[in-house]
Amino acid sequence: MSLIDLEKSFQEKIDKEIKIEPKDWMPDAYRKTNIRQISQHAHSEIVGMLPEGNWISRAPSLKRKAILIAKVQDEAGHGLYLYSAAETLGISRDQMMNDLNSGKAKYSSIFNYPTLTWADMGAVGWLVDGAAILNQVMLCRTSYGPYARAMVRICKEESFHQRQGFETLLVLSKGTKEQREMCQDAINRWWWPSLMMFGPKDSESTNSDQSIKWKIKRKTNDELRQQFVNMIAEQIKLLGMTLPDPDLKWNEKRNQYDFGEINWEEFWNVVKGNGPCNKQRLAARNKAHDEGAWVRAAAIAYADKKKNKTTHKAA
Amino acid sequence: MNINIRKFYYGDIPEENNVTSLSQNSKTEKEWPLWEVFIRSKQGLDHKHAGSVHAADAQMAIENARDVYTRRQEGISIWVVESKHIHASNPEDADMFYEPASDKVYRHPTFYDLPDEIKHM
């Protein structure tokens, strides 16, 4: 079959909602886009452990500590599901790790913000995981089979993350004056970065939307962002707190919430590596990787030794 | 083929020079082999493919699979097999390969037209 025929039959499969599987023919750009998106998604889960790991030793109770550990373990698991999905496209795990640790690969900018108080654990769960879930629910129907299956698994586990976050804030919102202030302060700091998680405005991109055509994505950034605002603007009422946006108000005509303009300069700055914690996050990743090198080498040496023993016996 | 994808999303930020590398690992560290993981969710059901893990040996692969794929009691039994030992049919041959079954509708019970009065069949 010629390349044009292959591309045509590939697109027909996509249009008929037939999933693409690892050994199927696919255009190079489809492979590359998926590798980039899945690996960045995986990196986001891995780096996402750091801002929360910061609070494990300082959680206010044993219950909260156990919950936080479970959440961070889930994130490690989610990273691993995604790395293994990316590997089916022909990139190696080590390559992805190197790209993350060298700073070549990107991850979600949200994790370059610091977690300053305990209330941040609530705000991260409610807002950051809440934003991620909208993206992830959509990705359960993405066209690449291994990615879609990983997302289904992740979504099942993710809703605990968001619920525990909201509950953490709910408890604070009913607490002392200081606790309520801490709750509001965390919401104020995490609201705008959460909106930025959905990426640049649809109008910012000039080229044809290949990712939608290939059904890697099924909703645009702005659609997902609007969905998020509508959801959170209602949920916050139960906390008795406010969102830090004077322009946020219900629009009868649109049947949606209107909201203010995002600070895109800040967004691009953090993407380019100048966020509050970019350097710290990469340094922590590299430290963990480097300090684990001898463990990885020892495990390989031990496995080789055992293998040699069994072959000797067999001989 | 050179489609330039400029649009990007959360979880899909373009690389600096818009190139995703497929080149091999530059460092010399030896990678742990890849293992495919199959999990039996409860007694009486088949093992089902769950995903894959990296591990130095089979024992470690089983333990890693437990941590990665059964954090919420999803399994009571795990199989692991090194990915390099899996052989698969070729999707490009699928039409030809599965063709022999496609014209044998008589293998299905619904092929047979029987009177409605007949019971227990």
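What is the mean pLDDT of chain A, and what percentage of its residues reach 70 or more? In this predicted model, the mean pLDDT (the predictor's confidence in each residue, from 0 to 100) of chain A is 94, and 98% of its residues reach 70 or more. Within chain A, confidence is lowest in helix H13 (residues 293–314), at a mean of 88, and highest in helix H8 (residues 177–196), at 98; helices (H or I, at least four residues) and strands (E, at least two) are DSSP runs, numbered from the N terminus.

In chain B, 3 strands form an open antiparallel sheet in the order S2-S1-S3, where two strands pair if DSSP finds at least two bridges between them. Strand S2 (47–54) and strand S3 (77–82) of chain B are the edge strands, each pairing on one side only, and the twist from one strand to the next averages 30°. Strand S1 (residues 34–40) of chain B is joined to S3(B) by 6 bridges, and Phe38(B) stands opposite Trp79(B) in S3(B). Helix H1 (residues 58–69) of chain B lies across S1, S2 and S3 of chain B and runs at about 110° to S2(B), with axes fitted as lines to C-alpha atoms, for helices over the stretch in contact (heavy atoms within 4.5 Å), and angles running from 0 to 180 degrees between N-to-C directions.

Residues are numbered from 1 along each chain as its sequence is written, and chains are lettered from A in the order in which they are written. Local features need pLDDT of at least 70, and side-chain atom pairs count only at pLDDT 80 or more, whereas totals for chains, interfaces and linings use all residues.

Notes:
Heavy atoms only, no water.
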